[in-house]
2 protein chains.
Amino acid sequence: MRMADSFQTHMEGYLRPIEDFLTAQFTGELPQKRLFEAMRYSLLAGGKRIRPVLTLEFCRVCGGDWRTALPFGCAVEMIHTYSLIHDDLPCMDDDDYRRGRPTNHKVYGEAMAVLAGDALLTAAFETAAAANASAEIRADVMTTLAGCAGEMGMVGGQVLDLEGEARELDAAYIHRLQELKTGALLKAACVVGVQAAGGSGQAIQAAERYAAALGLAFQTRDDLLDVEGEFEKLGKAVGADGKKNTFVRLYGAARCHALVREQTEAAVAALEPFQDRTFLTELARRLAERDH
Amino acid sequence: MRMADSFQTHMEGYLRPIEDFLTAQFTGELPQKRLFEAMRYSLLAGGKRIRPVLTLEFCRVCGGDWRTALPFGCAVEMIHTYSLIHDDLPCMDDDDYRRGRPTNHKVYGEAMAVLAGDALLTAAFETAAAANASAEIRADVMTTLAGCAGEMGMVGGQVLDLEGEARELDAAYIHRLQELKTGALLKAACVVGVQAAGGSGQAIQAAERYAAALGLAFQTRDDLLDVEGEFEKLGKAVGADGKKNTFVRLYGAARCHALVREQTEAAVAALEPFQDRTFLTELARRLAERDH
């Protein structure tokens, strides 16, 4: 089998259970079922599922059963989804489209979108707490999730983004912003995979290095797509970040293309402690070349 | 010592460490420190701290050291605080005052208020995860917190409230709404106290019954204060709930006063399995008579 085929097969072996797990959530004929609809609208909107895939694969390369990590990976995806819903709100980025569909508040109204985000964040911890793993592993995973998602992680990054608006920022600030806003949750995705497998501290550090480089490459690619991409492929407005403090504005497009390549290779290099690193290597390289 | 004195002493023995614990959170000179300010603005706004007090006392009456329960009680208070910040947003209740001060978004802007709420909810789980207790207890507590705060608990109740606006609701709907919106988090406060002490299933059930009755009495008293109270004591607008589906609108004020008394006695009766129930009894009775 060629590399491309086996990568795709491996990926689909993860994507199906991830979609099945997420699709089974927030159902039922309860009075608050419109909340469930709003949560599912964004959760099941055809995201790339990069974060849960990372969780499952890091669990596997650390010698664990990826099924153990499934609720943890889906918890990370719930946190990612909540952050998108709140980010799109009129008082935040005020975006009308996401993944080719109207944003959550455009369909359900602002109040419901705030609550759907709140409920998805809470459900992430509920899902992790209910996983079929030891109390030690569940407690470790929830520590990682909360630490990476909160004021010292993702939300901290969103605040730097907010406060940096309408100011020219230096490279250190933008790197810190992206490290928190995008990097922290990618880090959580990789680390909870290691934790689900009961992996070593050395494995956690390698996962963190992979995630940090991947996050930088990923965000830089995102910024490039915002100026060079197409609405049809992206499913959201092109040029929307024009006034934002992106890597493209900081370094220019040419240097950004180089940065994506460099950081992708740094991510690959971080995988050195793991024996079976074919999939994670290929994933990093594909993310560097994606057009959406 | 008279009952009133000993109640006050017992209460202050809890309030000081609660305030100290909360005051120590979200400090430091980081780029995202304005987020910390926004979080602390609402967290340290002079709330009554009923929820963490319940947590500490339920831990104590179940034979535990209340110090073990301190981070768990403060986690509940963080969840309570986040829910108030999001509830006050223009797209929700659009309130300008809370506890006698401008609401969070009035001071920090809507975007920061959304993020401060998100960060406090996340920090609740971070705080519970970092507690000095066994992994089993921490995992149990986080299960309770997430279950009571999420789509089947508090957020579910907020959705019922939102969807019930501008409609006449029946008693069953309003009871369900209040049971989730106010009751679920009070339940969490009591139950995590029992869990912190490693209490029995019977103790958890008793704590749930106490919390349910206390929650109903508490909410009914709140609704009465909204029509009969004074701005100076409440620190928020009087009559603001006029068009809402409250117990007062449903039953009228006279029957509501009787309901507060009945439910307070039901709460007291639920304490029967606990030997030392003086403080929890007195707390329920004082909450029934409060003027703010």
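Analyst: Contact here means heavy atoms within 4.5 Å. In this predicted model, 46 residues of chain A are in contact with 46 residues of chain B. Residues are numbered from 1 along each chain as its sequence is written, and chains are lettered from A and ligands numbered from 1 in the order in which they are written. As the model is predicted, local features need pLDDT of at least 70 and side-chain atom pairs count only at pLDDT 80 or more, while totals for chains, interfaces and linings use all residues; side-chain values use heavy atoms, with hydrogens and water left out.

User: How much area do chain A and chain B bury between them?

Analyst: Buried area is the accessible area (1.4 Å probe) that two parts lose on being put together, summed over both. For chain A and chain B the value is about 4,000 Å², and 73% of it lies on carbon and sulfur atoms.

User: How many salt bridges and how many residue pairs in polar contact are counted between chain A and chain B?

Analyst: A salt bridge is a side-chain nitrogen of Lys or Arg within 4 Å of a carboxyl oxygen of Asp or Glu. A polar contact is a pair of N or O atoms within 3.5 Å; within protein, one must be able to donate a hydrogen and the other to accept it, and residues adjacent in sequence count only if both atoms are side-chain atoms. Between chain A and chain B there are two salt bridges and four residue pairs in polar contact, both residues being at pLDDT 80 or more.

User: Which helices of chain A each supply at least two residues of the side that touches chain B?

Analyst: Helices (H or I, at least four residues) and strands (E, at least two) are DSSP runs, numbered from the N terminus. On chain A, the helices that each supply at least two residues of this side are H2 (33-43), H4 (66-88), H6 (110-129), H7 (135-149) and H8 (154-164). The largest share, 13 residues, comes from H6(A). By class, the side of chain A that touches chain B has 30 nonpolar, eight polar and eight charged residues. In this scheme Ala, Val, Leu, Ile, Met, Phe, Trp, Tyr, Cys and Pro count as nonpolar, Asp, Glu, Lys and Arg as charged, and the others, Gly among them, as polar.

User: Is Cys256(A) buried or exposed?

Analyst: Buried means under 20% relative accessible area, exposed over 50%, and partly exposed in between (1.4 Å probe, protein chains only). Cys256(A), in helix H13 (residues 253-270) of chain A, has a relative accessible area of 0% and is buried. Leaving aside neighbours within four places in sequence, Cys256(A) is in contact with Thr220(A), Leu224(A), Phe247(A), Val248(A) and Tyr251(A). The C-alpha atoms of Cys256(A) and Thr220(A) are separated by 6.4 Å, although the two are 36 residues apart along the chain.

User: Which parts of the chain does the pair Arg60(A) and Asp276(A) link?

Analyst: Side chains of opposite charge can pair when their charged atoms come close. Arg60(A) and Asp276(A) form a salt bridge at 3.0 Å, N to O. This pair links distant parts of the chain, 216 residues apart: Arg60(A) is in helix H3 (residues 50-61), and Asp276(A) is in the loop between H13 and helix H14 (278-289) of chain A. Arg60(A) is partly exposed at 25% relative accessible area, and Asp276(A) is partly exposed at 37%.

User: What is the separation of the closest N and O atoms of Arg34(B) and Glu163(A)?

Analyst: Those atoms are 3.9 Å apart, and the two residues form a salt bridge. Arg34(B) is partly exposed at 33% relative accessibility, and Glu163(A) is partly exposed at 25%.
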